[in-house]
Amino acid sequence: MAFKIATSPHIINKLHTSTVMQRVLMCAFPGIIAQCVFFGWGTLIQLAIAVVVAIAAEALVMKLRGRSIKTALSDYSAVVTAFLLAVAIPPLAPWWLIVIGTLFAILMVKHVYGGLGNNVFNPAMAAYVLLLISFPVQMTSWVAPAPIAAHIPDILSSLQAIFLQTDISAYRLGFDGISMATPLDALKTDLSMGLTVTESMSKSIFANGAGVGWFWVNAMYLAGGLMLLKLKVIRWHLPVAFLASLTLFSAMGFVMGPDTHGTPWYHLFSGATMLAAFFIITDPVTAASSPRGRIIFGVLIGLLVYLIRSFGGYPDAVAFAVLLANLCAPFIDYYVRPRAYGHRSGH
């Protein structure tokens, strides 16, 4: 039997990397459908643009490096990166935004470090942070969720907004004429204006305590994540540690300051929480590798997400938390690496 040496991701089961990536995309369908239902066709359009650009960039790099283009594209890692970035940005963001982000993710974050298995940071999250810092207006222009929207963009309106950059202000208005923001941004803004959590959550966007539309998007990504666990594509350590950590710290904050801190329910089902728990932090390349290390890694991200959401300048902290944890992954693995078989303390 030949002993094969290869870079990560190191999958213990017998699934090929391409099979793993395909199953990740399959399990993401419920979440993607929910986003389209509540926020319109823009998500699918952004996804299509991102996939085309990611495949083209991956093929170009492979050609320049003299590697097999077919082999690189058949692992679907570029498509997964495109998916994660496309569902994270506003659905009616201009086309050049997703193009810049996807090119940065594939060319700079992934291949500058040597390609799949060698990148230090999660490519999609690094690209998201680049876009958020560089283009904050476009990256925070979310449309109002369908149940409370004054105007719902159809496919033609979505295409015009994305490619012709037509005015989307009408699609950001709720039925009461108030400009909509994400639940995380709405609460943070209200708290900065002196409102309490109770007063803020009396708004229509918080009808279910987490955010109209956003709750169901998170619920569908949770369903897809549970499917990933059942198929043994991912292990339980990272999502459970992350969600438990976020629940614990948000509960502590709410108990100590109910007027200034959101409930655990709000933190779990707003923003990109469930997408992060099952589809982002479980990246086998940039996460910690040992079972204990994965638990520490997940707890760290949960803590960082809560701290940045509660005290930082950005509403949703997933991307920043993931990148900071990526930096810590080698350090975590070094100190929790399993001892060699037969090792006894003191020898």
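Which residues does Phe279 touch, not counting residues up to four places away in sequence? Hold that thought and start with the whole chain.

This is a predicted model, where local features need pLDDT of at least 70, side-chain atom pairs count only at pLDDT 80 or more, and totals for chains, interfaces and linings use all residues. Residues are numbered from 1 along each chain as its sequence is written, and side-chain values use heavy atoms, without hydrogens and water.

**Whole chain.** Color by secondary structure. You will find 16 helices and 0 strands; helices are DSSP runs of H or I with at least four residues, strands are E runs of at least two, numbered from the N terminus. Along the principal axes, the C-alpha atoms fill a box of roughly 70 × 50 × 35 Å.

**Inside.** Of the 347 residues, 52% count as buried, meaning under 20% relative accessible area with a 1.4 Å probe, protein chains only.

**Main core.** Select Phe83, Tyr221, Phe242, Leu275, Phe279, Phe297 and Ile301. In the largest nonpolar core, of 94 residues, these touch the most other members. Such a core is a set of buried Ala, Val, Leu, Ile, Met, Phe, Trp, Tyr and Cys residues joined through side-chain atoms within 4.5 Å. Next, select residues 17-39: this is helix H1, which gives the most to this core, with 11 residues.

**Phe279.** Zoom in here. Phe279 touches Val24, Cys27, Ala28, Phe83, Leu84, Tyr221, Gly224, Gly225, Leu228 and Met274; contact means heavy atoms within 4.5 Å.

Finish with Leu184, Ala186, Val197 and Tyr266. They are among the 10 residues of another core, apart from the largest one.

Note on methods
Buried means under 20% relative accessible area, exposed over 50%, partly exposed in between (1.4 Å probe, protein chains only).
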